[in-house]
Amino acid sequence: MARKSEVKNGKKMSGRRTKSVLSRGWQIVLLPFWSTSALWAVGPEGAPGNGTNIFSPASTPAKSIADLSLFVIVITGIIFVVVFALLFYSVVKFRGRAIDAGREPAQVYGSTQIEVAWTIIPTLIVVVLFLATARVIHAVQDAPEPPDAVEVTVIGHQYWWEFRYPKLGIVTANELHIPVSNPSHPTPTFVQLLSADTDHSFWVPELAGKTDLIPNHPNKMWMDPQRTGVFLGQCAQYCGTQHAKMLLRISVDGPEDFASWVRAQQKPAVEDAGAIAGRRVFERNACMNCHAVGGTPADGRFGPDLTHLMSRTTLAAGAAENTYDNLRLWIQNPSVIKPSSLMPSMKLSDADLDAVVSYMETLH
Amino acid sequence: MSSNVITVSVGQTDAKPWVDELHQWLTTVDHKRLGILYILSALLFLVIGGVEALVIRVQLMHSHNNFVSPEVFNRMFTMHGTTMIFFVAMPVLFGFANYLIPLMIGARDMAFPRLNAFSFWLSFLGALLLYFSFLGGSGLYGAGNAPDVGWWSYAPLGARAFSPGHSSDYWTLSLLVSGFGSIGTAINIISTILCLRCPGMKLDRMPLFAWLNLVMAGMVLIAITPLSAAQIMLLIDRYLGGHFFDTQAGGSAVLWMHFFWIFGHPEVYVLIIPCFAFMSEIIPVFSRKPIFGYPVMVAATVCIGFVSMSVWAHHMFTIGMNSYANSFFTLTTMVVGVPTGIKLFNWIGTMWGGRIQFKTPMLFSIGFLFQFLIAGLTGIMMAASPFDWQLSLSYFVVAHFHYVIVGGILFAVFAAFYYWYPKMTGRMLSERLGKWHFWLFLIGFHLTFDVMHVPGILGMPRRIYTYEPGRGWDTLNFIISIGAFIQALAILVFVANLIISYFKGAEAGNDPWDAWTLEWSTSSPPAAYNFATVPRVASRRPLWDLKHPENPDSRYE
């Protein structure tokens, strides 16, 4: 019975239930073998609200997974308690005592009945676990795409994310914007995952499980966030030297916010006469070989699209905040912020550097 | 006793005795000496791989740490993984198998002594090739030394475009060469067990140690060959213009994953089954009872051997297989838990009603049972593929497999050291240092690897050289690193115990544990020919029969 209700919970989804599942989750996480560590996890550092807790799901796939996970943890927890009790009992009860010295205990060679019992019971548990799991696999993987879903193509690069919205004509990087999905009128986001070089993995724990980005092997995943806010994630599949600083932010916007973000992103780059000197530096150097700025001759695709750079909160795939000083440092000497990133230092003069940074600052 | 042997040889030879001794060790084809060579080389690389782990742990102690550069960090985890699997775990287990199988089945050597020596030296050469990459890896390219592509070297990261220089070549050649060594050893173990058993030792009278190693050797034959094939294909890609895994030219990255894990998962069982073998010898002796359910133990092992060949893609749940494939590999992975559980129950059944003696080998064995239980249960969690979509590639999975490899395999290996060291050297390991070793290592292990599950749940991916502050990971990582240093301290106690006891340990005698298998019937250490006369057995516990003529096992078989 327990299994049925768990799976049903996994299929339905409401924001209110998330809270209760969470507290139950943390009780169950207090299993003996990690009890000490769980205390640390809920300590002053902010967990479970650290933004990447797999037991704070905010989207149907993540919620289905969290519910199944708790079910599996309960079953394995019961197995742990029973077997540990047997082990502990036999170690304590049957410890050798001084008075037994030199005497051997009764020599028992086995028991067919007991062997049959401890073969059949685990087999039944496996059947239950498998059926519960298979339902969630099917529910998450084979979910049909509704016609008004938002489509995004994510392309993994060494060490940043390219986001393309084919229906909306938007190209951006590292910070994905998607609409919140209202359960009565769902607007999920369906994502196609590609790679430009090595393997990567797209992982935003509170929205969905991870799916790899593999060259020549297109993948897909989906999410339907139930609340607005910024969700964190990062590349989970080792992709090269700077795998650690391939961070990922997903901004889940309300319908109006998302619509106005889309309108802003669809515009070409702002043309600011005051920044013409910086634009010349940008186009004269190799910058434009790798970077695109919409509406100008710069159309490189090797690095992130800069058309609306100032609409993003971070630089270098989350390695630094998007401030004037960081931007200047990043252009002057990328390896200070992100050693071994593929962005080269162009060895610009101070004047050129200031000019190009001023130009970037106009790209709202 | 061995020191007596050395003294004698010093007395007899006047010119360069140590050179003679060294020469004898380098050219030996004696299974016992080769076993010890395997074990010593594994200990050497255990220390090296351990230092690499410590570098990793210092770097991750707190967020934004700059102890090492990202390049060095990536080399460290690649070398740590490769070293520990291929040049610590496999050699130490092959070493014990080599040393003990002929003694346990009443044979005078392995079936092919020269192949045995050849296999050991291939394996050792493989290790040297891997570490030579620190010197030769950068080649003429000025590329980094030592491989930094992870111990899976997933395509296309291992291709020349992303791994220039020679570091990946040394990694490939190293695994290729040592893989041939492993295949040779597997052939040798199978032949020895099938052909060289002493009179009376029918297959169903073999010690479980021999049975389990027979299954392990069969799995090595099946599992190592695809790895070797993949390494050859990678070499063809890198030097002969092949495109097997070259995604830029239409090759398949997923193909490499399948090749690697169709080796990689059976490999886990190749490592754990010999540890089951240790448990199946040690637990009965210290419980003073025969193994519970011998035929079921054999059947469960053979069952694990077969089923574990069909679970490899559970390492690939995140790569976008379809829902049927994910369901299939979920099922097979859960099914392999059943025979594994049966083994655990049978060890508890062996202790049940016994008179357990808490000598150091038994302490490590009980630690093994406890930790292997937890490792198995976290394994079940990740077998549920949706749960794995969250846990895979995170620190949870790192904690899980270290629970298997350290909490399971290494604890079992330590138990084996304390149990068979007296047979190999003639001297007992110190019980006092042994208990220090056990408790320090147990505390360090749990501090590190219990806590390590949590950052995974909180979204920390593996193989990152640094992380942002404020993610809730700092304190956890600090505790994990402290635990690593406690484990390192315990290893120092262990090595000190090995050295001190070699010179000052108590004399062991033939049979210090009052045990029942044939190796305890001969001298410690055994003579080159093992047995003065080939033994003849009538039951699974020949020494029990000898010690209890009034109530021998042979009466019940």
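**A tour of the two chains**

Guide: Buried residues make up 44% of the 364 residues in chain A; a residue is buried if 20 or more other C-beta atoms lie within 10 Å of its own, exposed if 12 or fewer, and partly exposed in between, with C-beta atoms placed from the backbone. This is a predicted model, in which local features need pLDDT of at least 70 and side-chain atom pairs count only at pLDDT 80 or more, while totals for chains, interfaces and linings use all residues. Residues are numbered from 1 along each chain as its sequence is written, and chains are lettered from A and ligands numbered from 1 in the order in which they are written.

Visitor: How many helices and strands does chain A have?
Guide: Helices (H or I, at least four residues) and strands (E, at least two) are DSSP runs, numbered from the N terminus. Counted in this way, chain A has 11 helices and 12 strands.

Visitor: Which residues of H4(A) and H12(B) make the contact between these helices?
Guide: The axes of H4(A) and helix H12 (residues 360–383) of chain B come within 10 Å and cross at roughly 170°; axes are lines fitted to C-alpha atoms, for helices over the stretch in contact, and angles run from 0 to 180 degrees between N-to-C directions. The two helices are therefore roughly antiparallel (under 35 degrees is roughly parallel, over 145 roughly antiparallel, 65 to 115 roughly perpendicular and the rest oblique). Two residues are in contact if their C-beta atoms, placed from the backbone, lie within 7 Å. On the H4(A) side these are A:Val72, A:Ile73, A:Thr76, A:Ile79, A:Phe80, A:Val83, A:Phe84, A:Leu87 and A:Val91, and on the H12(B) side B:Ile366, B:Leu369, B:Phe370, B:Leu373, B:Ile374, B:Leu377, B:Ile380 and B:Met381.

Visitor: How do the residues of that contact divide into nonpolar, polar and charged?
Guide: Ala, Val, Leu, Ile, Met, Phe, Trp, Tyr, Cys and Pro count as nonpolar, Asp, Glu, Lys and Arg as charged, and the others, Gly among them, as polar. For the contact of H4(A) with H12(B), the division is 16 nonpolar, 1 polar and no charged.

Visitor: Which helix gives the most to the side of chain B that touches chain A?
Guide: Across the whole interface, 84 residues of chain B are in contact with 84 residues of chain A. The chain B side divides into 48 nonpolar, 28 polar and 8 charged residues. With 9 residues, the helix that gives the most to this side is H11 (residues 337–351) of chain B.

Visitor: Within chain A, which helix gives the most to the side of domain 1 that touches domain 2?
Guide: The bounds, which come from an automatic or database domain assignment, are domain 1 (2–141), domain 2 (150–266) and domain 3 (273–361). The contact takes 15 residues from domain 1 and 15 residues from domain 2. The domain 1 side holds 7 nonpolar, 8 polar and no charged residues. Its top contributor, with 4 residues, is helix H4 (residues 60–93) of chain A.

Visitor: Is A:Gln266 buried or partly exposed?
Guide: A:Gln266 belongs to helix H6 (residues 255–266) of chain A. Leaving aside neighbours within four places in sequence, A:Gln266 is in contact with A:Leu168, A:Gly169 and A:Ile170. Because A:Gln266 has 14 C-beta neighbours inside 10 Å, this residue counts as partly exposed.

Visitor: Why does B:Asn530 count as buried?
Guide: B:Asn530 sits in the loop between H16 and H17 of chain B, and its phi is near 70°, a positive value in a residue other than glycine. B:Asn530 is buried because the number of other C-beta atoms within 10 Å is 21.
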